[in-house]
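Please look over the structure shown below before reading the briefing.

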Amino acid sequence: MALLEIRNVTRRFGDFVAVDDVSLGVEAGEFFTLLGPSGCGKTTLLRMIAGFDQPDGGSIVLDGNDLADDPPERRPVRTVFQSYALFPHMTVAGNVAFPLRMAKVDAADVRRQVAAALEGVQLGAKADRYPHELSGGQKQRVAIARALVTKPRVLLLDEPLAALDAKLREQLQIELINLQKDVGITFVYVTHDQTEALALSHRIAVMNHGRVEQLDEPSRIYGFPRTRFVADFIGHCNLFDGTVAAVTPAGQGALVDLDVAGLGRIRAATREAVAPGSRGSVALRPEKVRISGTLTQGEGENHCAGHVREFLYMGDVTMYVVEANGGQRVEALLANSESGRTKFFEAGDAVEAAWRFDAGHFIPA
Ligand SMILES: Nc1ncnc2c1ncn2[C@@H]1O[C@H](COP(=O)(O)OP(=O)(O)O)[C@@H](O)[C@H]1O
Ligand SMILES: [Mg+2]
């Protein structure tokens with residue numbers, strides 16, 4: 001059994017279903033992320049785990065114990081919020097000591113545990129500072145130290161880095177990964193930022209309208225999205241809708257032929273059994289698409305002729321939008337790794353786009 005089990009949990013606000021029959025298990029020691037757009041129910045689910053809110057249906061089980069009757073302070077769970085929620089009139093050490101003092105830990109132990117917790121977040125030197133003297137990143141580290149000092153079984157983090165700028169966020173992401181590894185405490189992390197989720201997590205539950213659309217490891221969420229929503233929400237993705245014309249019998253990975261309006265017949269991998277005549281989409285990441293100025297049809301590849309509609313230079317990479325001769329748009333992402341290179345093609349250039357059959361994968365409608 002998983003350390004934390006969410007079983008058929010539902011939460012309604014009037015007629016609105018904020019969390020809709022969610023079931024999932026979080027393993028001990030795992031960095032588990034709830035990822036989804038604003039309003040999909042992430043915070044509501046987290047609040048029910050913490051005990052700040054109650055489910056209308058289902059149960060939350062930690063270490064085999066149903067938490068239904070436990071108030072927040074009795075749950076071995078702590079929460080870190082985006083807003084830090086530090087006590088402004090207390091020093092850094094005072095903030096971290098607070099939960100220990102509430103638990104009547106004796107003074108010598110408080111000092112020792114506070115020092116260790118501050119070392120853990122590299123703030124040993126700031127023990128006597130006040131929150132207003134700290135940067136946003138430092139404040140968040142204090143909040144994390146305060147949450148960890150009582151050694152909860154599970155740490156809940158609700159968009160803890162959302163208020164920080166990009167550079168600092170990246171630095172704290174690396175610190176969080178290391179901290180979680182060091183302390184070994186199970187993290188349930190909430191974010192709407194897909195890059196952050198991919199970088200931090202052992203597993204990700206992608207949520208949409210209160211439901212979990214896919215629960216998988218980051219590489220599978222990115223490489224094998226199961227639904228159109230997941231494909232579209234996680235990074236850039238071409239989605240070609242069409243009708244299945246043929247299925248190459250399963251063996252070492254089945255392939256489907258799909259007739260796509262404006263593009264023609266393309267071939268893609270499928271994980272699930274599909275019948276000819278059914279509808280669906282092929283999800284294809286732009287970085288899997290090559291474009292070239294000459295026709296070079298390789299073995300085992302889809303190809304289409306068209307022209308460059310527009311492109312977006314992003315420094316390390318350039319995103320090209322190719323309009324196939326049939327009218328379908330195909331996005332291709334090319335690395336500008338050659339020094340000084342800013343673009344390969346101009347808008348209007350005739351090009352060919354090509355990608356391997358198994359670069360795209362089929363999502364049933
Ligand atoms: N106390 C509440 N009363 C009414 N609606 C709420 C309440 N809390 C959350 N909601 C609604 O539930 C949905 C999910 O909210 P939330 O869990 O905060 O989403 P997220 O954290 O994913 O952005 C939103 O549409 C929100 O407006
Ligand atoms: Mg939220």
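Alanine 85 sits in the loop between S6 and helix H2 (92–102), where helices (H or I, at least four residues) and strands (E, at least two) are DSSP runs numbered from the N terminus. This is a predicted model, in which local features need pLDDT of at least 70 and side-chain atom pairs count only at pLDDT 80 or more, while totals for chains, interfaces and linings use all residues. Residues are numbered from 1 along each chain as its sequence is written, and chains are lettered from A and ligands numbered from 1 in the order in which they are written.

**Positive phi in the loops**

- Although alanine 85 is not a glycine, its phi is positive, at about 55 degrees.
- Alanine 85 is partly exposed, because 13 other C-beta atoms lie within 10 Å; a residue is buried if 20 or more other C-beta atoms, placed from the backbone, lie within 10 Å of its own, exposed if 12 or fewer, and partly exposed in between.
- Lysine 104, in the loop between H2 and helix H3 (107–120), is a residue other than glycine with a positive phi, near 60 degrees.
- Lysine 104 counts as exposed, because it has 7 C-beta neighbours inside 10 Å.

**Around ligand 1**

- The residues around ligand 1 include Phe13, Ala18, Lys42, Thr43 and Thr44, a residue being near a molecule or strand if its C-beta atom, placed from the backbone, lies within 6 Å of it.
- This shell around ligand 1 holds three nonpolar, six polar and one charged residues, where Ala, Val, Leu, Ile, Met, Phe, Trp, Tyr, Cys and Pro count as nonpolar, Asp, Glu, Lys and Arg as charged, and the others, Gly among them, as polar.
- Helix H1 (residues 42–50) gives the most to the shell, with three residues, and the buried residues of H1 are Lys42, Thr43, Leu45, Leu46, Met48 and Ile49.
- After H1 comes glycine 51, with a positive phi near 95 degrees.

**The six-stranded sheet**

- Six strands form an open sheet with mixed pairing, in the order S6-S7-S8-S3-S9-S10; two strands pair if DSSP finds at least two bridges between them.
- Strand S6 (77–81) and strand S10 (211–216) are at the edges with a single partner strand each, so one side of each has no neighbour in the sheet.
- From one strand to the next, the twist averages 20 degrees, with axes being lines fitted to C-alpha atoms, for helices over the stretch in contact, and angles running from 0 to 180 degrees between N-to-C directions.
- Strand S7 (residues 154–158) pairs with strand S8 (residues 186–191) in the parallel sense over five bridges, and leucine 155 has phenylalanine 187 in S8 as its bridge partner.

**Two domains**

- The domain assignment, an automatic or database one, gives domain 1 (4–231) and domain 2 (236–364).
- The C-alpha centres of domain 1 and domain 2 lie 38 Å apart.
- Six residues from domain 1 and seven residues from domain 2 make the contact, two residues being in contact if their C-beta atoms, placed from the backbone, lie within 7 Å.

**Strand S16 and its partners**

- Strand S16 (residues 301–313) runs antiparallel to strand S19 (residues 350–356), joined by seven bridges, and glycine 306 stands opposite valine 351 in S19.
- S16 and S17 form a hairpin with three residues between them, and glycine 315 in the turn has a positive phi of about 90 degrees.
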